[in-house]
Amino acid sequence: MANGRDRREPVFDAPAGQAGELDFHLSPEDRAGGTMARRRASGPSGGRPSRPRKVKRRSGRSLFRKLIYAGLVLCLWGVIGVGGIVAYYASQLPPIDQLAVPKRPPNIAILASDGSFLANRGETGGRTMTLKELPPYLPKAFIAIEDRRFYDHYGIDPIGIGRAIYRNLSNSGGLQGGSTLTQQLAKNLFLTQERTASRKIQEAILALWLERNYSKDQLLELYLNRVYFGAGAYGVEAAAQRYYGKSARSVSLAEAAVLAGLVQSPSRLAPNRYPERAQARAELVIAAMNDLGFITPGMTKTALGAPAEPVRPNGAGSANYAADYVMDVLDDFVGTVESDIMVSTTVEPALQSAAERVLVDELNAKGQKFNVSQGAVVAMQPDGAVKALVGGRNYETSQFNRAIAARRQPGSSFKPFVYLAAMERGYTPDMVMEDAPVAYKGWAPKNYDRKYRGPITIRDALALSLNTVAVKLNMEVGPKTVVQTAQRLGISSPLQANGSLALGTSEVTPLELVSAYAAFANGGIGVTPYVITQVKTTDGKLIYKRPGSGGLGRVIDPGVVAQMNEMMHNVFVIGTAQKAQIPGWTLAGKTGTTDDYKDAWFVGFSGNLVAGVWLGNDDGALTKRVTGGNLPTEVWHNFMTVALKDQQPVPLPGLERMRAPSDIPVAGAGGAPRYANADGEGSWVAPAPQRRASREKNFLEKLFGL
């Protein structure tokens, strides 16, 4: 064998005679796993297989590889599945190339005549603020409590999510949310507030889009101006005004902490409703700011030692009535508002507060006794500039603006238009008419006291508010003429041209009645009431500025104005408004009461201010004998006393030489009889010789210009 002598080459030739019988098929033993294979695997002795350990290692390695493979496959399918889900919910969003941050609804800041803040109007409740305008600790407070890794993540924060899950499971630090500020912003800008998996997915997608298109500071600024703080306040400026009565520029660290903590649950953490909860949350915010080094230990100690106190509503909130009036007329001057604007008005804060206070005090003191629950006060300069407007007893309980929207019967306060129409047709204050029963087609109006005085001058008839004389004048000059006269002075409500018009049966609003009286106070120039002086954008661009003159031109002859003012001044001297006299001032006006005591009025004026008061009930319930000469006159007097304080007396047009009421002899001296006037208030009437002397003096003054 070694020398190759026994070596044989394989021969595949079949033996002779067996060529066709050669068989190349494998027997079962020759096949894999057959007897031969098993024998070879068992070794020469047929015992245990050789090298068993090597076979086992190959089996374990194969299993490991299979597990890796299966894991990779599962991961791949997971990625595909997640990608599909993301793609599906992404398809429910607008196309990315068309996506844009929705424009924030514009805010309208309404300012008083001195530039102070009156109210905000608009959907947000406050204007947009830039980061530069805010104290540094205010935005940092939101980062500390809502998203401390804000400047480190890319819209989604896995570390923050993990930390939130851990704290929630371990119940340490209270419940935590995993949403970043960017995700919260995405939700506020584009999505609903529903808590579903689909919304969270869309929120994450939109957060990534925001991070790609905006800087971190831009995102933070957007967030601070869009987040909801409750009570209709969107953005930090609205929240600061709502809860602390100040701009966000001026909030303290303690107040900033409350605002930052509030966004977690605006209804549950409102500082004006749940101060303990709000303060506990604010302390967490301050602690987080301290841990992150946003504030010093000294600032922390100060903030914790002086908790923020929410502002309490001061008074009845009547400035909102004035703000509502501003909004009613704003469209006439600026049209559609596209950006935040500031509206400067004629409203004077001191007069607005005084009007609110005297009205509320009167109703609180006497409302129940006289069964009167509501009122309105309007005050304006003789040129029509509205200085105060109170549309009700309390704005929080009723937003209906009675000063501009409530049409009520003016009663005898409408009579000056009847007398004006008569004066313009040749009647004079000294003409004598008969106070006697009168009837027109079955209608027989009577005086308040059901008494008649016989011959009486027109001057005294107006002062005593006699119904019979007013009706006679109305019928003599014609109801249509009276309607035209009232409309010429600014009454825009529908007026019925009939006999009862003289008694104020056609309804008007307090604002239009006061503005019509302004023509008497300014010497005969018709006015349109106005409240807006200018409108600017927040960056100073002028949008509107009121022209110097916006009057209606002359509507009363100066001589007739003098006659009317003399007669209406007589209302203060001998008539229904004696209680309203203010020492040193020459005043004029007229009371008004409906015959069923539903409505009571007083409109009066000095040379520099016109004011009107209405009292009644919204449901038309009868008052308990409230007349123009009692409660409304008291409210008017109390208001005008404040309004005219420290001012130089201004004479009424046409009465420049008339002495002040304090220098005029008291009417009734010498035992003059006391009459009940048509508005239910007793009045002194001067004796006949005194009245004649007064008339003669007036005649000589007019004749010789004395």
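Contact here means that heavy atoms lie within 4.5 Å of each other. With that term in place, this briefing describes a predicted model of a protein with 706 residues, of which buried residues make up 48%. Its secondary structure comes to 22 helices and 16 strands. Among the contacts with a separation of 6 or more, 70% are between residues 24 or more positions apart.

**Helix 7**

- Helix 7 (residues 216-226) is mostly covered, since eight of its 11 residues are buried.
- The buried residues of helix 7 are Lys 216, Leu 219, Leu 220, Leu 222, Tyr 223, Leu 224, Asn 225 and Arg 226.

**The crossing of helix 9 and helix 10**

- The axes of helix 9 (residues 253-262) and helix 10 (residues 275-291) come within 8 Å and cross at roughly 105°.
- Angles of 65 to 115 degrees count as roughly perpendicular, and helix 9 and helix 10 are therefore roughly perpendicular to each other.
- On the side of helix 9, the contact is made by Leu 253, Ala 257, Val 258, Ala 260 and Gly 261.
- On the side of helix 10, the residues involved are Ala 278, Arg 281, Ala 282, Val 285, Ile 286 and Met 289.
- An α-helix has 3.6 residues a turn, so residues three or four places apart point the same way.

**Aromatic pairs**

- The structure holds 16 aromatic pairs.
- One of them joins Phe 150 and Tyr 151 in an edge-to-face arrangement, with 5.0 Å centre to centre and 80° between the planes.
- Phe 150 is buried, with a relative accessible area of 1%, whereas Tyr 151 is partly exposed, with a relative accessible area of 44%.
- Another edge-to-face pair is formed by Tyr 321 and Tyr 395, with 4.9 Å centre to centre and 80° between the planes.
- Tyr 321 lies in helix 12 (residues 319-334) and Tyr 395 in the loop between strand 5 (386-390) and helix 14 (402-405), so this pair ties together parts that are 74 residues apart in sequence.
- Tyr 321 is buried, with a relative accessible area of 0%, and Tyr 395 also counts as buried, at 13% relative accessibility.

**Charges over rings**

- The charged end of Arg 277 sits over the ring of Tyr 274, 4.2 Å from the ring centre.
- The charged end of Arg 546 sits over the ring of Tyr 530, 3.4 Å from the ring centre.

**Residues with positive phi**

- Lys 441 is not a glycine, yet this residue has a positive phi of about 50°.
- Lys 441 is placed in the loop between strand 6 (432-435) and strand 7 (454-457), and Lys 441 is exposed, with a relative accessible area of 92%.
- Tyr 597, likewise a residue other than glycine, has a positive phi near 65°.
- Tyr 597 is placed in the loop between strand 12 and strand 13 (600-605), and Tyr 597 is buried, with a relative accessible area of 14%.

**Asn 213 and Ala 100**

- Asn 213 is found in helix 6 (residues 197-213) and counts as partly exposed, at 42% relative accessibility.
- Asn 213 and Ala 100 are 113 residues apart in sequence, while their C-alpha atoms are 9.9 Å apart in space.

Definitions and conventions
Residues numbered from 1 in each chain as written. Predicted model: local features only at pLDDT ≥ 70, side-chain atom pairs only at ≥ 80, totals over all residues. Heavy atoms only, no water. Phe/Tyr/Trp six-rings, centres within 6.5 Å; stacked < 30°, edge-to-face > 60°. Buried < 20%, exposed > 50% of the residue type's maximum accessible area, 1.4 Å probe, protein only. Helix = DSSP H or I, 4+ residues; strand = E, 2+ residues; numbered from the N terminus. Lys NZ or Arg CZ within 6 Å of the ring centre and 35° of its normal. Axes fitted to C-alpha atoms, helices over the stretch in contact; angles between N-to-C directions. Parallel < 35°, antiparallel > 145°, perpendicular 65-115°, else oblique.
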